[in-house]
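Here is a short note for a colleague who is opening this structure for the first time. Please keep the view at hand while reading the points.

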Amino acid sequence: MISKLPQLLKALAFSAVVLAGGCAITADTGSSGHYPAGLAAALPNTDGYGLLAKPAPLPEAVSKQAYAQAKQSCDTGCATPAGKLLGVANQVPAYSNCQSTCARSDFSFMDLRNKAISLHAKPPVDKQLHYVGLTYQCVEYARRWWMTNLGVTFGDVDSAHEILYLTEGENIQANAKFPLARSLNGTATRPPKFGDLLVYCPNPDDPKWRHGHVAVVVGVDLQRGLVSVAEQNYNNLPWTKPNQYARQLRLFNVGGRYHLEDVANDKVNNPAGGLISGWIYPASAR
């Protein structure tokens with residue numbers, strides 16, 4: 001299993017807060033202090049090309065300051081009251097985080113015996129309680145959806161955008177590793193499929209999008225070019241279809257390569273949106 005205690009303590013100390021938001025990263029990113037120019041080293045099971053190098057971790061002082069500020073934004077200016085149910089997809093409810101910059105000090109754990117979720121400020125003694133994530137964050141929802149519906153999870157990340165670089169997942173009952181695969185947005189030959197995780201790239205200079213975002217694919221219509229997603233902490237508003245999905249995004253097939261835009265099916269722009277870097281899934285689902 002993924003170690004719960006190191007991840008939990010690191011989240012408390014260095015703000016493993018995963019905030020929704022947007023980014024505007026291009027191949028020419030050398031001007032950023034944290035986002036290196038160039039491409040990442042080749043990763044196994046990668047569909048497409050052009051994966052950017054992963055940003056360096058935020059300096060400890062910056063991370064601590066960001067976490068302190070994030071804790072102070074949890075009770076005011078809420079898009080929807082914190083903890084309010086926003087929608088349910090495939091038996092996995094999503095809740096409001098108040099606003100995207102909020103970071104709480106509670107962590108959710110899943111009881112492997114019955115899939116019940118409980119919140120804890122410290123790692124519980126019960127070994128059947130498996131770490132899920134920071135309460136009401138996007139990564140917490142993505143892990144909870146995978147754990148509930150697929151019986152698998154993914155490893156430790158400080159930010160949502162790092163999920164795309166993971167190469168292994170874990171079967172939570174068998175405690176067995178398995179390979180993950182990824183498709184890179186814009187150059188992928190495999191379209192998003194049910195259960196994939198959509199990963200957004202970060203913008204280190206924007207507090208709202210510093211950590212990127214992650215959402216779960218819960219529906220795909222290739223004929224209409226629509227991808228339905230379930231998520232937490234994107235805009236913290238009630239879902240478009242409360243019993244099906246949070247939003248629908250536009251998918252394009254250009255010369256056999258798939259490109260997904262953070263734009264609603266009835267819109268032509270999304271000023272508050274972000275760039276989707278790709279989607280990740282068990283390699284067996286390729």
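**Notes on the model**

1. T135 is a buried residue: its relative accessible area is 4%, and buried means under 20%. The model is a predicted one. T135 sits in the loop between strand 6 and helix 3. A polar atom of the T135 side chain lies 2.7 Å from the backbone oxygen of D106. Leaving out residues up to four places away in sequence, T135 touches N97, R104, D106, F107, S108 and L119.

2. F107 stands opposite L134 in strand 6. Strand 4 and strand 6 pair in the antiparallel sense, over 5 bridges.

3. What is the order of the strands in this open sheet? The sheet has 3 strands in the order 5-4-6, with antiparallel pairing. Strand 5 (117-120) and strand 6 (129-134) are the edge strands, and each pairs on one side only. On average, neighbouring strands of this sheet are turned by 35° against each other, direction ignored. Helix 3 packs on the sheet and touches strand 4, strand 5 and strand 6. The direction of helix 3 makes about 145° with that of strand 6.

4. Next, the disulfides. How many does the structure hold? There are 2 disulfides. One joins C74 to C102, with an S to S distance of 2.1 Å. The torsion about the S-S bond of C74 and C102 is about 95°, so this disulfide is right-handed. The pair links distant parts of the chain, 28 residues apart. C74 is in the loop between helix 2 (60-71) and strand 2 (85-89), while C102 is in the loop between strand 3 (92-95) and strand 4 (107-111). Is C74 buried or exposed? C74 counts as buried, at 5% relative accessibility. C102 counts as buried too, at 0%.

5. C78 and C98 also form a disulfide, with their sulfur atoms 2.1 Å apart. With -95° about the S-S bond, the link of C78 and C98 is left-handed. C78 lies in the loop between helix 2 and strand 2, and C98 in the loop between strand 3 and strand 4, so the pair ties together parts that are 20 residues apart in sequence. C78 is partly exposed, with a relative accessible area of 32%. C98, by contrast, is buried, at 0%.

6. The largest nonpolar core has 32 residues. Which residues have the most contacts inside this core? They are Y141, I163, L197 and V214. Elements that each supply at least two residues of the core include strand 2, strand 3, strand 7 (152-154), strand 9 (176-184), strand 10 (197-200) and strand 11 (213-221). Helix 3 (138-149) also belongs to that list. Helix 3 gives the most to this core, with 6 residues.

7. I163 deserves a look of its own. Leaving aside its neighbours within four places in sequence, I163 is in contact with V139, F154, V157, L197, V199, V214 and I280.

8. C138 is buried, with a relative accessible area of 1%.

How values were computed. Residues are numbered from 1 along each chain as its sequence is written. This is a predicted model: local features need pLDDT of at least 70, side-chain atom pairs count only at pLDDT 80 or more; totals for chains, interfaces and linings use all residues. Side-chain values use heavy atoms; hydrogens and water are left out. A disulfide is a pair of cysteine sulfur atoms within 2.5 Å. Helices (H or I, at least four residues) and strands (E, at least two) are DSSP runs, numbered from the N terminus. Buried means under 20% relative accessible area, exposed over 50%, partly exposed in between (1.4 Å probe, protein chains only). A nonpolar core is a set of buried Ala, Val, Leu, Ile, Met, Phe, Trp, Tyr and Cys residues joined through side-chain atoms within 4.5 Å. Contact means heavy atoms within 4.5 Å. Two strands pair if DSSP finds at least two bridges between them. Axes are lines fitted to C-alpha atoms, for helices over the stretch in contact, and angles run from 0 to 180 degrees between N-to-C directions. A polar contact is a pair of N or O atoms within 3.5 Å; within protein, one must be able to donate a hydrogen and the other to accept it, and residues adjacent in sequence count only if both atoms are side-chain atoms.
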